[in-house]
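Open the model in your viewer and keep the selection panel handy. We will go from one stop to the next, and at each one you will hear what to select and what is there.

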Amino acid sequence: MKARVFVTLKQGVLDPQGEAVRHSLHALGFEGVNAVRQGKVIELDLAETDEAQARRSVQEMCEKLLANTVIEDYRVEMLP
Amino acid sequence: MRTAVIVFPGSNCDRDLAVAFRNASGRPPEMIWHKETALPAGIDVIGIPGGFSFGDYLRCGAISARAPIMRAVADFAARGGYVLGICNGFQVLTEAGLLPGALMRNAGLKFVCKDVSLSVQTRNSAFTAGYDKGQHIRIPVAHHDGNYVADPAIVERLRGEDRIAFTYDDNPNGSVADIAGILSENRRVLGMMPHPERMADPTLGGADGAPLFRSLAEALVSS
């Protein structure tokens, strides 16, 4: 089965890249953009077929490598 | 002092660090490929060099921090061994959990490559005993992700325990509390973004980095 991991900066951690994107959007005339936060999407193709087991395994991957939990949060989405 | 330098694919300051170690200790370091699983016996200091290990994929230092040799480096540090991580090496040490906090994209978003003025914040470590407290030294930085972040409680603790080794006099990257380098709890692991190995000989344009290597060598002779 497949899994998608969303890695985002924790609230309160400044995101200079998101800030630069916001400035650029303003320059293009998108004045209504109040804030931009940039993150990552990681897609995994897994051999595991049991969803609960796969989710546990992906969460462990996030804790050990995919996210740096000092500065980042993650969210796991299982796909059929 | 017997030294070793860990080499990852994409390390590019490994030889500079080897020269600095050799000049301070009188013997060349062991160069250790990241796929090794054990360190040679009798090593006193491990250097983790600057560069762009694994192309900075995922996060700077993230892949390197999980390389096979890093388990041996963590054991070495836990036994009280000395570890010096410079630039990408500092990023690797935070990713490996050997130092607290993380290094993020520079606040100005630009790669910063220039000499900066640092203040030595503590003499209380084998790395910094060769300087005076409050001494200003000139050392180059060359990084895109040197913006040190840690939650306020950790910064307070680093301060309280005198573990901030160096601060920037004119912060080039947005680091919290102007932090340029920090020490571990046992004061034997130092991570810093600036490159003392690039300023360790007058022929390089300055020698303000040399006391770091010299005092390390002296501490390890007398121990």
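Predicted model: local features only at pLDDT ≥ 70, side-chain atom pairs only at ≥ 80, totals over all residues.

Residues are numbered from 1 along each chain as its sequence is written, while chains are lettered from A and ligands numbered from 1 in the order in which they are written.

**Stop 1: chain B as a whole**

You will find six helices and 11 strands; helices (H or I, at least four residues) and strands (E, at least two) are DSSP runs, numbered from the N terminus. The radius of gyration of chain B, taken over C-alpha atoms, is 16 Å, close to the 17 Å from the globule rule (2.2 Å times the number of residues to the power 0.38) for its 223 residues, so chain B is as compact as a globular protein of that length. Its C-alpha trace spans about 40 × 40 × 35 Å along the principal axes.

Of the 223 residues in chain B, 53% are buried. A residue is buried if 20 or more other C-beta atoms lie within 10 Å of its own, exposed if 12 or fewer, and partly exposed in between, with C-beta atoms placed from the backbone.

**Stop 2: the largest core**

Now select B:Ile6, B:Val83, B:Leu93, B:Phe213 and B:Leu216. These have the most contacts inside the largest nonpolar core, which has 74 residues. Such a core is a set of buried Ala, Val, Leu, Ile, Met, Phe, Trp, Tyr and Cys residues joined through C-beta atoms within 7 Å. A second, separate core of six residues includes A:Ala3, A:Val58, A:Cys62 and A:Ala67.

**Stop 3: B:Ser119**

Go to strand 6 (residues 112-120) of chain B and pick B:Ser119. Is B:Ser119 buried, exposed or partly exposed? It is partly exposed, because 17 other C-beta atoms lie within 10 Å. Leaving out residues up to four places away in sequence, B:Ser119 touches B:Gly134, B:His136, B:Phe166, B:Thr167 and B:Asp169; two residues are in contact if their C-beta atoms, placed from the backbone, lie within 7 Å.

**Stop 4: the sheet of chain A**

Move to chain A and colour its open sheet of three strands, which has the order 2-1-3 and antiparallel pairing. Strands pair if DSSP finds at least two bridges between them. Click A:Ala3: it stands opposite A:Leu44 in strand 2 and opposite A:Met78 in strand 3.

Next, show helix 2 (residues 51-66) of chain A, which packs on the sheet and touches strand 1, strand 2 and strand 3.

**Stop 5: where the chains meet**

Finally, display both chains. Eight residues of chain A are in contact with 11 residues of chain B. Helix 1 (residues 16-27) of chain A gives the most to the chain A side, with three residues.

Terms used
Axes fitted to C-alpha atoms, helices over the stretch in contact; angles between N-to-C directions.
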